[in-house]
Each structure stands twice: as C-alpha cells, then as structure tokens.
Amino acid sequence: MIEAGTHRSTGSSIAFFRLGKRVSSPARMVLALLVACALACGQSQAAAQQIPGYTHRHWDVEEGSPADIRAIAQTRDGFLWLGTSNGLYRFDGLAFEKVAPETFNQWRSNQITALAAAPDGALWVGYDFGGVGVFRDGRLRDANAERRPRGSVSDIIVARDGDVWVSVNGSAGSELRRLHQGRWQTYTRKDWLQPEPIQSIYQARDGTLWFAQFHSILRLAPGATHPEKIAEQVGFATSFAEDANGTLWLLSSIGLQRLSAPRSLIRFESDGPSAGGAGKRSLLFEDGLAWMAGHQEGIIRLSNLKTLPGGRDVIPVRSRVLFRDREGTIWGGGPDGLVNYIRSPVLKADLPGTPTTGFVAGPGTDAPTYLATDAGIYRLSGNGAQLVRKALYVTALCAGPNDVLLAPSLKRHQLKRGETWTSYAGPAGISGVSDCAIDPAGIAWVTVPSQGLFRLTDGTWQLQKGWPGAQLMLSDGKDGFYLSRPMHALLHATPGSVQTLWQDEQIKIGFIRVIKKLGNLLYLGGEKGLARYDGSRFVSLESRYNPWLSGISGIALGPQDAWLIGSEGIFRVARSDFDKAFDAPTAVLPHQMIGAGLGLNSRSFAYVTNDAAIDKAGYPWFATSRGVVRIDPARIVRNLVPPPVSIRSLEANGQIFAASNMTLPAGTTRVQFDYVALSLTDPGANSYRYKLGGIDENWVDAAGRRQATYTGVPPGTYRFQVIAANADGVWNKAGAVISVTILPFFWQTWWFKTALFLIFAVLLWALVQWRMRAASEATRVRIEDRLAVREHIAQELHDTLLQGVQGLVLRFQSILHRLPGDHPVRAEFETTLERADDVLQEGRDRVRYLREETEPVELAPMLSGIARQVLRTELRWAIRETGTPRPVCAPVADDISRIASEAMFNALRHAGAGMVSIRIANSRDGVAISISDDGVGIDEMVRRAGKKEGHYGLVHMRERSQRLGASFRISEARPHGTEISLAIPARIAYR
C-alpha cells in the first residue's frame with residue numbers, strides 16, 4: 001500500500017510516498033534516494049540564491065506569498081505593498097494580507113502593473129485596465145477622472161511636489177496623466193509626447209523628470225513646461241536608477257545606459273526578459289554593483305563601481321522588480337514569489353565539511369591560524385581558508401612555536417613541523433584523546449581524562465607519572481599546563497606539582513568548554529558564563545545576570561572590541577566595556593548581536609572548543625553550528641530607523657474590527673489588540689511594549705508577541721498604546737494609539753448609578769429624618785409625660801391632700817371655738833391652727849407652681865432673670881433676640897435655665913470675663929441660644945474632652961442637652977473667651 005503526502009524544505013515542495021510491508025527493501029532504498037536527491041536539490045537551489053555579505057529569505061506561494069509580483073512599494077507606515085496579477089497585497093515582514101477594492105467594478109482589472117507611495121501616506125495603484133486607484137485611510141478606491149478610463153497603466157510616480165504622474169498605453173495611443181492640485185491633466189502626442197508607447201517615469205534627485213518611451217527618452221527639467229528629447233534611444237522593458245554617486249542609469253533590452261555625462265552604454269549578455277518579448281525589468285545599485293531583475297536566468301549583478309569575478313554574477317531567482325526599502329533591504333518580486341537581501345557582516349567561509357575543532361594558533365602575532373573539519377585541516381588565508389592536510393576524524397587540534405601543529409584523530413595523529421607532516425599511532429590501548437598541547441620546546445602532549453597526560457617521545461606516546469588527566473589542557477607558556485576537569489576543578493600542573501586553582505562550588509560558570517590565555521589573563525568559557533583569572537582570583541560573568549553569556553565556546557579580543565560566541569549567537573562588546581565588566585560582574589553588559597536570525601550559535605556537541613579567532617587582517621572568525629563564518633566589522637551598521645508601529649486589528653468577543661477609534665457594544669468584556677512593528681530587516685526580533693490606560697499602570701513588556709489580550713474589561717473609554725523597537729534596540733517611543741469605548745448596559749451607566757445614589761441618598765435622608773422625628777417624638781413624649789405628671793400631682797394635691805387638711809383645720813377651729821377662753825390648751829390650739837394655715841398656703845403655692853410650670857415660657861425674660869440672679873452687678877451682661885419670639889414649653893425652658901445658669905456661673909467664677917453676651921435666635925426650625933464671655937477662654941484639652949477632671953458642670957450641661965435632643969457645642973469666642981451654644985429643634989422646643 002502507498003500513502004502520499006508532501007514535504008517542505010527551504011521553500012521547495014516535493015512528493016513523497018510511504019511504503020507498506022508489501023514494498024521491497026530495494027524499492028524503499030530507491031525512493032529514499034529520490035527523496036534525498038529532491039531535498040538536496042531544494043537546498044542547493046536555496047544555497048545558490050545566497051550572496052556573500054547578505055542574508056537571504058525567499059517566500060514562495062506555499063509560504064503565503066502571492067505569485068507573479070509585478071510592483072513593490074513601501075508606504076509611510078512601513079508596510080510593504082505588492083502589486084500582483086491577482087490584486088494588491090500588504091506585507092508586514094511575517095504575514096501577507098490581500099487588500100480588496102472598496103467597490104466592485106467590472107471595468108477594473110485584477111492585475112496590478114504599478115505602485116507608488118505618496119508622502120502623505122497614500123498608495124497609488126495602477127491597473128492593467130481600469131485606470132488607477134488610491135489606498136488611503138484603510139480603503140482602496142478608484143481615483144480616475146472618468147468612469148471607464150482607457151488603456152493599461154505602465155508606470156506611476158508621485159513627484160516631490162505631490163503631483164501624481166501616470167503613464168498609459170492603449171489602442172488609442174499613449175497618454176501621460178498628471179494629477180495637479182486635485183485635477184487630472186492629460187498629455188498626448190498632440191502636446192509633447194512622442195508617438196510611442198510610454199514605458200517608465202522617474203524623478204531624479206535633482207527633481208528632473210525622465211520619461212522612457214520606445215525608443216525616445218524625454219527630460220523635463222524642474223520648472224519647465226515642456227520636456228526635451230535627448231539624442232540617445234532606448235530598448236524595451238526599461239528601468240531608471242541612480243547610483244551612490246548620483247549618476248543616472250537606464251536599463252533596457254539594449255543594455256545599461258549611463259544618462260549622466262559622459263554618457264555611455266554597457267552591453268551584457270542575457271537569456272532575455274523573464275516574461276518573453278514584452279517583459280519588465282528593474283534596476284538598482286548596491287555595493288557599487290548594478291542589480292538587474294527581469295531576466296530569464298535570474299537577477300544579474302553587473303560591475304559598475306567595483307569588479308566582480310568575471311564582471312557579473314547571477315542569482316537564480318526569477319524576479320521582475322527590485323525595490324530598496326527605507327532600512328536598506330533589497331526586495332525582489334516575480335513569478336517565484338518574494339525574496340529579500342539584507343546587508344550583513346557575516347561572510348560564510350567556503351570550507352568543505354563541518355568543523356570538528358576550534359581555532360588554534362602558535363605564539364606570536366604572525367603565527368598562522370588553523371581549523372579542522374571532517375574533510376581536513378585548513379589554514380585561514382585572506383577571505384577564505386586553504387586546505388593543508390586531508391585528515392579524517394580529527395578530534396583535537398593544537399599549535400605551538402615554529403608552526404608546530406598536532407592533529408589527533410580516531411585513527412592516527414598527524415604532526416606538522418614546518419612543512420613536514422608525520423603520522424603517529426595514538427597512545428597504546430587508547431581509542432581517542434580529549435585535547436592536546438604543544439609546550440614551548442615544541443613537544444607534543446595529549447590528555448586522556450581517565451589515564452593522564454601522554455608526551456610524544458621518540459615517536460611514541462609515554463604516560464607521564466604525576467600528571468593528572470583532564471578534559472581540556474592549555475600550555476601555560478612555560479613548563480606547565482592548565483588542566484580542566486569540568487564541574488570539578490581547574491588545575492595548574494608543573495613538574496612535580498599540581499595546584500588546584502578553582503574547584504566545585506567556586507566554579508560559577510558551569511561546564512567549562514574553552515580555556516584561552518590572552519596576555520597575562522586566563523579566560524574560561526562555560527555553559528553558565530565567562531570567567532577571568534588574573535593569577536590571584538577568579539571573576540565570573542554569570543549568565544543569570546547576562547543571559548546571552550550562555551554556552552560560551554569562543555573568545556577573541558581585538559584592540560577595539562571583544563568577540564564572543566555562545567549558545568545565543570555571536571556577540572560584539574566594546575573592549576572598554578568588556579574589561580570594566582569584571583569590576584562589576586553582576587551589572588548588565590552592553591553588547592551587540594551579530595547575524596541575528598542566522599542560527600550562528602556555538603557547536604553544542606563539542607566539549608573542547610575555541611571557536612573564535614581574529615586573523616592577521618583583524619577579521620573575527622567563528623566556528624558555528626552552521627559552519628565557519630568571517631565577520632567584516634566595516635559592514636556592521638546599526639539600524640537607527642525607528643520602526644513604524646501599526647495596530648492592525650481589534651477583536652472584541654470574537655468579532656474582528658479594523659484598527660481605529662472604536663465604540664464597542666455593551667457586554668464586551670474581552671478585547672484583543674493585534675499590532676506590528678514595520679522593521680522588515682528582522683521582523684521576528686522586533687520588541688514590543690504596550691499599555692491600556694485605566695488598566696495597566698506601567699508598560700507591559702511583550703518581547704516579540706504581537707498581541708495583547710484583556711479580559712473582564714468594564715465599560716469605559718480606554719487608550720491603548722503600543723511602542724516597538726527594531727532588532728538593534730532602537731525604539732519608536734510614540735508608537736501607535738487607538739481609543740476604545742465600551743458601552744455600558746443601562747444599569748452600568750453613570751446616570752443610572754447617579755439615580756441609584758440619589759435614591760439611596762433620599763432614602764437615607766428619609767431614614768435620618770424618621771429617626772430624628774422618632775427621637776424628637778420620644779423627647780416630646782417625655783416632656784408631655786412630665787407635664788401630665790405635674791398636672792396630675794397638682795390635681796391630686798388640690799383635690800385630696802389640701803381639701804382634707806382644710807377639713808381638719810375647720811374641725812379644729814370648731815373645737816377651738818367651743819373651748820373657754822382661759823382653757824390651758826387654747827393657746828396651743830391657736831398656734832397649731834396658724835401653722836396649719838401656713839401649710840395650706842404652702843400647698844396652694846406648690847399647686848400653683850406646678851400649674852405654672854406647664855405653661856409655655858418666654859426665653860428672654862427667663863434668661864434676664866437668671867442673669868440678674870447669677871451675675872448680679874459683678875459682670876456686665878446683655879441679651880439680644882432675633883427672629884419672632886415664641887414661648888417654649890415649660891420642661892424645655894427648665895433645662896435651658898439650668899444650662900444657662902451653669903454657663904453664666906462658669907463665666908463669673910472661672911473666665912475672668914468683663915462681659916457676658918446672651919443671644920437668642922428664633923427660626924422655623926427651632927431656637928438657638930448662645931452664652932459667650934470675653935474672658936481667658938477654656939483650656940483646649942478641656943474643650944476637646946468636654947469636661948475637666950473632678951468637675952461636672954460641663955458634663956451635666958451636655959447630658960441635659962442630649963436628653964432634650966438638642967445640639968450642644970463649646971467653642972472659642974472671638975476675639976477671645978468661651979461660647980456655649982445650644983440648638984433645640986422646633987418640634988421639641990415649642991408645644
């Protein structure tokens with residue numbers, strides 16, 4: 001049985017088959033070989049598209065790229081736009097998005113032939129038929145002067161003055177259309193065009209407009225109204241471009257023409273245009289070379305300011321159009337999809353095989369540098385490497401003085417002295433060695449961790465007693481070696497002595513993979529960082545403080561820079577920063593990653609490494625997991641262009657909206673923002689921070705994530721802002737911002753909450769009023785009860801006791817009248833009756849007093865009487881009444897009199913006052929009485945406490961006012977003195 005499927009590798013797709021048990025083993029082998037061949041072909045094709053000094057990426061149709069790209073442009077917001085035979089696409093460096101016109105138009109072609117970005121951020125789009133359109137404010141709309149424009153658009157430019165120029169060819173002839181100040185103008189052969197098709201338009205740096213027809217070339221100088229025709233003629237499929245010196249060139253079927261003086265023509269061979277006889281070409285200049293697209297064989301690079309081997313080379317990718325974006329990336333588009341080329345300092349060395357050792361060099365600045373791969377031993381030479389010895393299975397490499405080189409392998413060890421190579425068998429019974437070294441005398445040593453150190457003596461390896469084995473070894477430049485036993489100890493062994501320099505818990509950098517002596521300092525690279533030994537102490541730069549210092553496998557120091565390779569990649573550090581780092585090992589060490597995104601990290605399978613070296617010319621070399629590379633520091637340019645940031649969409653409760661200020665319906669609780677930074681150099685390395693105002697107090701570090709999701713968001717208006725940095729850490733601090741309003745349900749609105757608050761306030765007010773009324777009513781009832789009791793007592797006294805006593809007095813008077821005048825008890829009877837009359841009179845007075853206490857009392861007379869009685873003539877006093885006087889009920893008046901009497905007494909005894917003022921304020925709400933003096937005032941502590949220790953006058957006044965349901969306050973009088981205030985509600989004060 002056979003199962004079919006597909007396999008993708010480096011942009012290629014091949015068919016493969018899975019065979020069941022019925023398929024024979026030879027058939028499986030044949031199919032496996034076919035698959036391997038197909039994969040190799042795909043990888044070979046991708047490798048053929050690589051250019052030294054550039055990183056390369058190819059998006060084909062399977063990766064989402066549109067096919068048949070005909071035009072490329074970049075708008076102000078940073079998006080890359082692709083005009084294709086099937087419409088308009090937008091690219092953010094990671095994803096392609098098709099943009100459809102706002103309206104359907106059967107007279108408009110799907111094929112886009114030209115694109116032009118305008119300074120205002122708009123994108124002008126030319127169609128094969130149907131005229132032009134413009135993408136602005138998120139919408140693609142037609143922008144023609146007539147409903148059914150004629151002809152096919154061949155080119156569009158937006159001039160520096162904002163005018164849009166469109167070239168059109170059709171059955172009725174050629175036209176040049178110009179949008180000037182909002183109105184279209186048309187130029188034909190009746191004006192100044194030649195009766196020929198228009199191929200391309202270009203505005204030079206000096207503002208001159210150039211028009212390439214077939215075969216005429218027109219030049220319109222700035223400020224001129226009519227162009228001039230130059231003498232040169234042009235072929236078909238034209239493209240203008242200026243080089244770095246400002247020289248104008250024109251590419252066509254007849255070759256590369258120089259239009260700037262002195263004019264010339266460079267002819268070159270080509271297999272013809274990629275789309276046949278009426279194809280399209282594109283031209284730009286980079287690194288002094290002319291890049292030319294639109295040829296069947298691919299992109300041709302032709303020497304102009306520099307020389308290529310043979311004068312030209314070909315990149316086998318079918319691209320019709322070339323474009324350089326604002327960051328300097330070169331883009332190509334055509335039938336094969338989209339490609340890019342990014343200037344890179346990384347130059348891959350042409351070395352067969354995979355590195356099996358690190359770099360080694362003998363002492364001295366002129367000593368050559370060597371490296372071994374599984375194909376042989378190489379010596380670095382200029383821009384490449386020279387094979388010096390074919391050797392298989394080389395496991396270690398070491399160099400010494402006078403160009404001595406030892407290369408142990410799994411079979412035999414190769415020793416080079418000068419130009420002479422000698423082969424030796426390895427130590428007896430040992431299948432392989434871990435590391436090797438050449439001492440200052442030129443003698444070869446190897447280490448076997450389980451055995452010890454072996455020395456090459458008279459052609460044989462002799463085990464040296466007293467010398468411990470180790471994983472790594474390095475000559476100390478004298479008579480000893482540094483020996484590393486990873487995760488255990490670092491030793492310094494000399495004849496007759498083994499010293500432990502570093503061991504166990506002291507080793508903070510984990511498994512040590514490289515030991516390198518540079519000057520008088522010893523550097524060690526490990527899985528967890530980098531260490532330096534100055535002869536007395538170790539200082540470690542741990543990866544927990546600088547995570548990029550993980551898996552260090554190579555260190556190289558130049559005059560200006562330190563170069564490191566680790567599991568995170570290749571890094572450059574300023575030499576001054578590198579040296580200072582060992583004084584502050586926990587601080588963040590500034591660094592720059594080189595070749596980000598290329599996978600140039602340390603050789604993870606190697607336990608003995610030295611994967612960084614600097615050649616005689618000052619170029620750093622690195623042995624990486626993807627081969628050997630050389631770095632050209634002159635090509636390291638930090639990308640200083642802040643990336644434009646765009647919020648692409650907003651998703652709310654599963655519904656996606658275009659990114660703009662948005663009002664979302666009630667019930668929205670989950671929102672998701674999709675955003676992107678438009679740095680296309682390495683879009684995967686862009687960094688983001690975002691903040692939702694009202695939710696986030698500080699910036700949220702999103703690293704490389706391009707989404708922000710919030711749940712449980714309450715109704716309100718929020719401001720979402722996202723900022724971004726490119727791969728070199730340059731931030732766009734303005735970023736992009738949108739405002740989002742989530743509508744509330746009616747019960748979430750402010751007016752509903754306000755209404756609830758008002759209702760609650762009214763209810764609370766009503767409750768307070770009810771409680772006040774209840775308290776007042778209770779007080780009122782107590783007062784009424786007091787009045788009723790007094791009336792009852794008066795009635796009982798009058799109707800019972802006084803009447804009974806009066807009857808007794810009359811009986812006794814009757815008895816007295818019957819007694820003789822000289823009776824001994826008569827005088828006593830008369831005295832008793834007189835006393836009885838006094839008792840009756842006192843009883844009548846008490847009944848009258850009880851009757852009078854139930855009647856309302858005028859306050860002013862009452863308080864005046866109290867003042868005369870208490871203050872007499874010792875203090876001056878005055879009484880003032882405002883409002884309409886109303887009598888207060890007797891019990892209330894009684895409590896008022898007690899409080900007033902106490903206040904006046906205190907003013908007299910304690911205040912040292914000269915004047916007492918009594919004020920009565922009558923109103924509908926009640927009556928307020930205040931008694932103030934101009935004395936020394938009351939102590940602040942006493943005033944706050946409301947009493948003085950051992951004295952109860954203030955306490956009694958407060959208690960009486962509380963029983964009344966009145967407010968009582970003690971305050972300072974102005975300018976000095978004390979004021980006692982009493983306020984009684986009307987429903988309590990008045991009967």
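A helix here is a DSSP run, H or I, of at least four residues, and helices are numbered from the N terminus.

**Entry 1: a nonpolar patch**

I am working with a predicted model. I looked up Val768 and placed it in helix 3, residues 750-818. Is Val768 buried or exposed, or in between? Its relative accessibility is 37%, so I noted it as partly exposed. Val768 belongs to a nonpolar patch on the surface.

**Entry 2: two helices**

Next I looked up a helix pair. Two packed helices are described by the angle between their axes and the distance between the axes. Helix 6 covers residues 890-909, and helix 8 covers residues 953-964. I found an angle of about 160° between them, with the axes 10 Å apart. Helix 6 is therefore roughly antiparallel to helix 8, because angles over 145 degrees count that way. I also noted that their crossing is left-handed.

**Entry 3: Thr422**

I found Thr422 in strand 39, residues 420-425. Its relative accessibility is 31%, so Thr422 counts as partly exposed. How far apart are Thr422 and Gly459 in space? I read 9.5 Å, C-alpha to C-alpha, for a pair 37 residues apart in sequence.

**Entry 4: salt bridges**

Side chains of opposite charge can pair when their charged atoms come close. I noted 36 salt bridges in the structure. I then looked at some of the pairs.

Asp287 and Arg343 meet at 2.5 Å, N to O. Asp287 sits in the loop between strand 24 and strand 25, and Arg343 in strand 30, so the bridge ties together parts 56 residues apart in sequence. Asp287 is partly exposed at 22% relative accessibility. Arg343 is partly exposed too, at 34%.

Asp313 pairs with Arg301, with the closest N and O atoms 2.9 Å apart. Asp313 is in strand 27 and Arg301 in strand 26, so this pair ties together parts 12 residues apart in sequence. Why does Arg301 count as buried? Its relative accessible area is 6%, and buried means under 20%. Asp313 is partly exposed, at 25%.

Arg318 and Asp336 form a salt bridge at 3.0 Å, N to O. Both lie in loops, Arg318 between strand 27 and strand 28, Asp336 between strand 29 and strand 30. They are 18 residues apart. Arg318 is partly exposed, with a relative accessible area of 40%.

Last, I looked up a network. Salt bridges with shared partners join Arg90, Asp92, Glu97, Arg648 and Arg706.

Definitions and conventions
Residues are numbered from 1 along each chain as its sequence is written. This is a predicted model: local features need pLDDT of at least 70, side-chain atom pairs count only at pLDDT 80 or more; totals for chains, interfaces and linings use all residues. Side-chain values use heavy atoms; hydrogens and water are left out. Patches are made of residues with over 30% relative accessible area and no salt bridge: like charges are joined within 9 Å, nonpolar side chains (Val, Leu, Ile, Met, Phe, Trp, Tyr) within 5 Å. Accessible areas come from the Shrake-Rupley method with a 1.4 Å probe; for residues, only the protein chains shown count as cover. A salt bridge is a side-chain nitrogen of Lys or Arg within 4 Å of a carboxyl oxygen of Asp or Glu. Helices (H or I, at least four residues) and strands (E, at least two) are DSSP runs, numbered from the N terminus. Buried means under 20% relative accessible area, exposed over 50%, partly exposed in between (1.4 Å probe, protein chains only). Axes are lines fitted to C-alpha atoms, for helices over the stretch in contact, and angles run from 0 to 180 degrees between N-to-C directions. Angles under 35 degrees count as roughly parallel, over 145 as roughly antiparallel, 65 to 115 as roughly perpendicular and the rest as oblique. A crossing is left-handed if the near helix is turned anticlockwise from the far one by less than a right angle, and right-handed if clockwise.
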